[in-house]
Amino acid sequence: MTSIIGFLNTFFWGYVLIYGLLAVGVFFTFRLGFLQIRHFPEFIRVVMRAPETDSAGITPFQALCTSLASRVGTGNLAGVAVAMTLGGPGALFWMWLVAALGMATAYAESTLAQLFKVRGQSGEYRGGPAFYIARGLNAPWAATIFAVCLLLVFGLVFNAVQANSIAEAMNGAFGVPKLAVGVVIAIISGVVIFGGIKQIARCAEYVVPFMAVAYLGVALYVLIVNIADVPAAFMLIIKSAFGFEQAVGGIAGAMLNGVKRGLFSNEAGMGSAPNIAAAATPNPHHPSSQGMVQALGVFIDTLLICTATGLMIVLSGVLVPGGELTGTPLTQAALTAHIGGAGHYFIAIAIFFFAWTSVLGNYSYAENALVYLGLDNKIGLTSARIGLLLMVLWGSYESAITVFDAADASMGLMASINLVAICLLSPLVVKLTRDYFEQKQSKNPVFDPHKYPELSGKIDAEIWHEVSSSPIAEVGVTPAKA
């Protein structure tokens, strides 16, 4: 079994996804006319607009914060350090490039998730890749595989990984027993997740901005104090990216490690963030607006938070490419060099918040898998929530590599299915995008299902009917079955 899992991980992460995620990012960047650059101000506007009153959905800002809760984790601190140790400072440049391309991919998958969303048994909006795979491509078998993988990976195993990171950090910095840390995480996580998606979204709305601003604030202080060295730091990153500075593996090492870390961190194309994107009530009331919200999430995750970590490491002078100091200890050493012993404790606290909110964000994705599989009843939801808490307790104390490797293989399969799906549905993404910006020239964009007869019977038109001025029945657009 171990050899099979190892083979799958090598196949997915060594070949399919590294090149597939990049290729899809390039594909959508050109197909959408560099949307992430030309219309970046619109990405910010759709997040800042006043939310629409709709009890069935969460606000776009809550959807952004919940997706960031999952995206922004220990990888933003430890993962960046690992990439720079293995590939030199230039790895950060390739992370930037991957994020810039990934914004287009994130836009595409979240736009589709919004379009094909439904109402769950509780009446709240649900959706994600499983829904647009089943309805948009008429491939329920692939959607079921995706949903099962999503449930196992984000509902269970990855939360054990996050709990393990928190326990290690708290034990190393403050000497707190790992199991005690696990009990605390399980309790505070249970209080939130048993309240459902809306409770998770409300928590993320407050905690995520706080943790992001606090971390970026410290990074900004470091930049100001070292302002004279900042231009040289950027030059070092760029030179190292193209092999003009000594680094392990040269340009190939910088590119490979930067690309891998960038892809793992921002999750664009993985099929995870679309699950919370579908739960939002967009404003403007058009699927494309929620796609823009999630594209902005990629920008914040990598181009802001990962960059903050990378610059603090470069400016500290503690980075030794190929050296033994890497991961969280390297980030801690870097911040300690800037602000003294408090840096060690600050990183431990940051890991707590980054990893704990990832547990909440991950679970919100898993609930959408339960909806697709028809398990969003009291028994199904309670079982999933208890399973998550047990994995948190187990993960805080144990680190079973085989289980985590199996999760990586499942995520690889999940992401591969999603990439094929969004490429096949790309004509629809392009049509939605053109529709949004054509309308924006003269009015507030509004999605009208009557313009999309090809979606007849595939979307839940009752969700979108209020945007149409004529009866839905006239064009044969009927509500899709949940």
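**Cysteines, then pockets**

Modeller: A search of the whole structure, which is a predicted model, finds zero disulfides. Two cysteines show the reason. A disulfide needs two cysteine sulfur atoms within 2.5 Å. The closest cysteine sulfur to that of C65 sits in C203, 10 Å away, so the gap is too far for a bond. C65 is buried, because its relative accessibility is 2%. For C423, the closest cysteine sulfur belongs to C149. That distance is 19 Å, again too far for a bond. C423 counts as partly exposed, because its relative accessibility is 28%.

Now the largest pocket. Its volume is about 1,100 Å³. The lining holds 37 residues. Closest to the centre are T74, G75, V161, Q162 and R261. The largest share comes from α8, with 10 residues. By class, the lining of this pocket has 13 nonpolar, 18 polar and six charged residues.

Next comes the second largest pocket. Its space is about 260 Å³. It is lined by 16 residues. Nearest its centre lie F61, L64, L68, A212 and I300. Here α3 (40-48), α4, α10 (196-225) and α14 (287-316) each supply at least two lining residues. The largest share, five residues, is from α10. The lining of the second largest pocket has 16 nonpolar residues, with no polar and no charged ones.

Last, the record. An unreviewed UniProt entry annotates "transmembrane region" over residues 12-34, 137-161, 173-194, 206-228, 298-322, 342-366, 378-397 and 409-430. Take two of these stretches in the model. Residues 342-366 are 100% helix and 0% strand. Residues 409-430 are 95% helix and 0% strand. Their end C-alpha atoms are 31 Å apart.

How values were computed. Residues numbered from 1 in each chain as written. Predicted model: local features only at pLDDT ≥ 70, side-chain atom pairs only at ≥ 80, totals over all residues. Heavy atoms only, no water. Buried < 20%, exposed > 50% of the residue type's maximum accessible area, 1.4 Å probe, protein only. 1 Å grid on protein atoms, 1.4 Å probe; cavity = no way out; pocket = protein on both sides within 12 Å on 5 of 7 lines; lining within 4 Å. Points joined across faces, edges and corners; volume = space filled by probe spheres on them. Helix = DSSP H or I, 4+ residues; strand = E, 2+ residues; numbered from the N terminus. Nonpolar A, V, L, I, M, F, W, Y, C, P; charged D, E, K, R; others polar. UniProt positions renumbered as here; feature names shortened; annotations may be inferred.
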